[in-house]
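This report looks at how a protein surrounds its ligand and at the charged pairs formed by its side chains. Please keep the structure at hand while reading.

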Amino acid sequence: MSRPARALLDTAALRHNLEQVRRRAPRARVMAVVKANAYGHGAPWVARTLSTADAFGVSSMEEGVQLREAGIAQPISLFEGFFSADELPMLIKHRLAPVIHHASQLQNLAQITSDHKLSVWLKIDTGMHRLGFAPTDAAAALQQLRASPAVAEVRLMSHFARADFPQDTATVAQIKLFHEQITGSGLESSMANSAGVLAWPASHLDWVRPGIMLYGASPMIGQSATQLDLKPVMTLQTALIAIHARRKGDPIGYGGDWHCPEDMPVGVAAIGYGDGYSRHAPAGTPVLVNNKRVPLVGRVSMDMITVDLRTQPRAQVGDPVVLWGQGLPVEEVAEKAGTVGYELLCHVTERVPRVVV
Ligand SMILES: *Cc1c(COP(=O)(O)O)cnc(C)c1O
């Protein structure tokens, strides 16, 4: 048998989560966000499994080309657009639609000489203050795009900064500002990420852009994935590879700063930060052994973790250990580790085999 660390991928859960997007935004088309290797799940697999999605969103040309090479035919948008003019022939060749977020990109577009055209998204900054044209500059940018012989269709988009907080006034203001921009433009528009899909119906518009909810994690503060009827797609799983009876006071692992409070069994599981399990997960972070919660103890090593088996005295070497996924929400582990589920999912490393179940 080989090393037991696996990322199990649930096809039915992924499709179920897309259905949840459709149920909540019935009039919008769905651009499934598969950037960063589909949040660690494998972009080609996710895009093929979500064959009914209307489009896909990635961050860069490289990610878009990977999908085209995997045979994906739907429209693909590049959320960071292009980084220099030399990418433009590839964008045209592969029908990749860049987000135009900065004046420098307008100048680059002017250099296109072929008769082939690009579809583009014009990004308007309604309050995120990261990428995009200020609302006062958007009309001029739009005029330039419409005048450009290299540009076919233009669509309008904006992005939320804090849609994960329900009832947030900044989000209300973002929606209002974007509505002012799109009204009367006659152009298709898009604003909603997962939190927008779930909590802000006024942001659904023509296209929604869900990412994290497709993977079955909750983007909402104070609402679990289960409450939102989302199912985890990835279950990060391994097995116990050793169990030792330790004595009261024994230090466990690197640094020796966690000590056994009494004589107790300590299990060793084959997963660590070399697999993408966060080294910031502190003692007490929940782990499932035989589907029962036990606390992590000691520091996370590159290849292993140690767990307190006092409540699971019959656990044996070879028993399954789940780090997140089915039965243990990734958001809960992320909160313990001082991060978000997005980061944990993205960080699962290449050495962990993805196994579709
Ligand atoms: C990542 C991203 C999304 C998806 O966000 P989620 O919170 O994962 O739903 C949507 N739009 C843009 C521009 C993004 O960068």
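The sections below take up the ligand site and then the salt bridges of this predicted model.

## Surroundings of the ligand

The ligand is surrounded by 13 residues, the closest of which are Lys35, Tyr39, Ser194, Ile212 and Tyr342. The space that the ligand takes up is the largest pocket.

On the side of Arg209, an N or O atom of the side chain is found 2.9 Å from a nitrogen atom of the ligand. The ligand taken alone exposes 390 Å², and the protein buries 92% of that area.

## Salt bridges

The count of salt bridges comes to 14. Among them is the pair Lys176 and Glu180, whose closest N and O atoms are 3.3 Å apart. Another joins the side chains of Arg162 and Asp168, with 3.7 Å from N to O.

Are the two partners in this second pair buried or exposed? Arg162 counts as partly exposed because its relative accessibility is 40%, a value that falls between the limits of 20% and 50%. Asp168, by contrast, has a relative accessible area of 13% and is therefore buried, since buried means under 20%.

Definitions and conventions. Residues are numbered from 1 along each chain as its sequence is written. This is a predicted model: local features need pLDDT of at least 70, side-chain atom pairs count only at pLDDT 80 or more; totals for chains, interfaces and linings use all residues. Side-chain values use heavy atoms; hydrogens and water are left out. A residue is near a molecule or strand if one of its heavy atoms lies within 4 Å of it. A polar contact is a pair of N or O atoms within 3.5 Å; within protein, one must be able to donate a hydrogen and the other to accept it, and residues adjacent in sequence count only if both atoms are side-chain atoms. Accessible areas come from the Shrake-Rupley method with a 1.4 Å probe; for residues, only the protein chains shown count as cover. On a 1 Å grid over the protein atoms alone, a cavity is a set of points where a 1.4 Å probe fits but cannot get out, and a pocket is an open set with protein on both sides within 12 Å along at least five of seven lines; lining residues have an atom within 4 Å of a point. A molecule sits in a cavity or pocket if more than half of its atoms lie within 2 Å of its grid points. A salt bridge is a side-chain nitrogen of Lys or Arg within 4 Å of a carboxyl oxygen of Asp or Glu. Buried means under 20% relative accessible area, exposed over 50%, partly exposed in between (1.4 Å probe, protein chains only).
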